[in-house]
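Thanks for coming. I have one model to go through this morning, so please look at the sequence and the fold on the screen while I talk.

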Amino acid sequence: MDAEEFRRRGKEMIDYVADYLENIRERRVFPEVEPGYLRKLIPGEAPEEGESFENIFKDIERVIMPGVTHWHSPHFHAYFPTANSYPAIVADILSDAIGCIGFTWASSPACTELEVVVLDWLGKMLDLPESFLACSGGTGGGVIQGTASEATLVALLSARAREIFRYKQTNGHVDDGVIMSKFVAYCSDQAHSSVERAGLIASIRMRKLPTDADCSLRGQTLRDAINKDRAQGLIPIFVCATLGTTPSCAFDNVKELGTLCQGESIWMHIDAAYAGSAFICPEFRPLLDGVELAESFNFNPHKWLKVNFDCSTMWVKDSNLLTEAFNVDPLYLKHDNQGAMPDYRHWHIPLGRRFRSLKLWFVLRTYGQKELQNYIRKDVTLAHQFEGMVVADDRFEIVGKVVMGLVCFRLKNASNATNERLLKAINADGRIHMVPSEVRGVYFLRFAVCASRTTESDVSFAWDVIRELTESVLKDSDKK
Ligand SMILES: Cc1ncc(COP(=O)(O)O)c(C=O)c1O
């Protein structure tokens with residue numbers, strides 16, 4: 001493909017993408033294919049000779065689209081949203097063209113410098129304390145990780161390195177493995193599975209602590225766990241608090257947890273993967289109070305802030321704690337300006353990194369703070385519209401509180417099995433797509449407002465589908 005053909009094909013692809021997204025509502029949201037469907041549609045070997053672009057292009061509809069779950073369909077209400085916007089797609093084209101691997105400042109200065117500045121912009125939009133911002137001139141700053149899972153792991157590994165260092169300072173040399181066997185970390189029983197995985201990867205025992213009636217981890221519960229562990233000679237090093245849990249969008253009490261962590265010199269990391277975007281709205285910002293007590297904070301603009309995957313923004317108060325944990329410095333990666341700007345390779349696990357700040361920059365500039373705030377508010381309003389419809393139907397009940405764009409609900413006075421049948425009927429029907437969750441043995445359905453194109457009539461449509469399928473599920477249950 002030469003430049004001339006690229007211009008032509010690129011434009012065709014842009015047209016295809018715009019048509020796909022603008023007409024996505026017409027497609028069945030959840031595919032009907034069976035596992036292994038795709039192997040039957042393409043040859044078992046790569047072609048010996050190159051093929052025409054026409055042929056490749058035709059196969060998008062023949063091979064790919066039948067197996068796509070359309071996350072950006074207004075009928076998609078599963079998981080949490082993943083963001084998508086034209087400015088972010090356009091920025092990614094530029095990022096792909098520049099194609100730098102920005103591991104050090106010198107490997108592509110603009111890649112590092114834009115990231116430093118836009119993370120300050122975004123940090124200010126969230127009203128993060130100065131100590132997290134690079135512009136404060138201190139040790140704080142932000143970095144784009146690939147995912148929230150990586151951010152949690154980086155925070156835990158950094159806490160582990162800090163504590164190994166501290167332990168050796170007090171006790172002289174002891175093998176790292178011996179020291180680590182004393183370490184203990186905590187999260188709530190509602191934390192995302194990636195937190196437990198971070199513990200597995202870092203070889204640190206991760207205790208899942210019980211939450212209160214609102215699914216919130218409270219200070220006293222953590223206090224009791226710390227006391228118990230210290231009494232057994234263990235060393236608490238890390239707490240992962242969640243703001244906006246995956247099962248039901250609940251909020252840990254970060255003020256209580258953070259106060260305790262400060263007193264005990266424990267690293268508190270905040271995982272706000274989904275809910276973090278909403279903190280750009282002053283009315284949601286109080287939910288982030290207590291962040292000043294955290295060592296690190298993370299959320300995913302790639303979930304709810306119009307920046308396509310992957311863009312998971314993490315801020316730390318003391319970036320030295322990251323760079324000291326991950327600093328391996330071979331000669332070929334050294335450069336003359338070391339120390340003047342961050343070398344982001346020391347802030348995360350991979351060496352290579354894409355120019356991801358471009359899409360964040362394009363999005364923040366295209367929409368501005370006001371439009372992004374209104375976008376969040378629109379989704380929360382739609383969630384409350386759905387909540388109103390559930391409440392008005394006395395066969396159903398709301399589970400937990402609707403705070404943001406997620407509504408958890410179930411058939412009242414019905415078994416878990418009946419609720420599960422309803423969820424399965426909804427997904428088999430295929431007009432809308434949802435996933436379930438379970439808290440303390442209670443199975444429920446999750447309705448998340450996901451796609452940016454979702455409107456009031458899409459929410460009413462979803463409710464009509466749910467009601468219609470409820471009738472048949474309840475009729476079937478009566479017969480049994
Ligand atoms: C609270 C929470 N933390 C972490 C994650 C994992 O996010 P990621 O895919 O960016 O690792 C999710 C995913 O939905 C989440 O809801």
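The centres of domain 1 and domain 2, taken over C-alpha atoms, are 36 Å apart. In the domain assignment, domain 1 is 3-82 and domain 2 is 100-354. Keep in mind that this is a predicted model.

Let me begin with strand β5, residues 267-271. Is β5 mostly covered or mostly open? It is mostly covered, since five of its five residues are buried. In a regular strand, side chains alternate between the two faces of the sheet. On one side of β5 we have W267, H269 and D271, on the other M268 and I270, and all of these are buried, which leaves both faces covered.

Now the neighbours of β5. Strand β4, residues 235-242, pairs with β5 in the parallel sense over five bridges. Within that pairing, F238 stands opposite W267 of β5. To get from β4 to β5 the chain passes through helix α9, residues 254-264, and this β-α-β crossover is right-handed. β5 also runs parallel to strand β6, residues 296-299, with three bridges joining the two. There, H269 has S296 of β6 as its bridge partner.

Helix α9 itself has V254, E256, L257, G258 and C261 as its buried residues. What do they pack against? The answer is α8, which is 219-231, together with β4 and β5. After α9 comes S265, and its phi is positive, near 55°.

Leaving aside neighbours within four places in sequence, M268 is in contact with V239 and A241, with L257, G258 and C261, and with L293, A294 and E295.

That brings me to the nonpolar core. The largest one has 121 residues, and L156, F238, V239, A241, M268, I270 and V407 are those with the most contacts inside it. Which element gives the most to this core? That is α12, with 12 residues. The core lies between domain 1 (3-82) and domain 2 (100-354), because both give residues to it.

Next, a separate sheet. This one is open, has four strands in the order β8-β9-β11-β10, and its pairing is antiparallel. β8 (396-398) and β10 (435-439) are the edge strands, each pairing on one side only. From one strand to the next, the twist averages 40°. Strand β9, residues 406-411, is joined by four bridges to strand β11, residues 442-448, and the two run antiparallel. Here C408 stands opposite R446 of β11.

Two helices pack on this sheet. Helix α12, residues 357-392, touches β8, β9 and β11, and its direction makes about 15° with that of β9. Helix α13, residues 416-429, touches β9, β10 and β11, and makes about 30° with the direction of β11.

Is K11 buried or exposed? K11 counts as exposed, because it has 10 C-beta neighbours inside 10 Å, and the cut-off for exposed is 12 or fewer. K11 and T313 are 302 residues apart along the chain, and their C-alpha atoms are separated by 31 Å.

That is what I have. I am happy to go back to any of it.

Note on methods
Residues numbered from 1 in each chain as written. Predicted model: local features only at pLDDT ≥ 70, side-chain atom pairs only at ≥ 80, totals over all residues. Domains from an automatic or database assignment. Buried ≥ 20, exposed ≤ 12 C-beta atoms within 10 Å, placed from the backbone. Pairing = 2+ DSSP bridges. Right-handed = clockwise from strand over helix to strand, strands pointing away. Axes fitted to C-alpha atoms, helices over the stretch in contact; angles between N-to-C directions. Contact = placed C-beta atoms within 7 Å. Core = buried A, V, L, I, M, F, W, Y, C linked by C-beta atoms within 7 Å.
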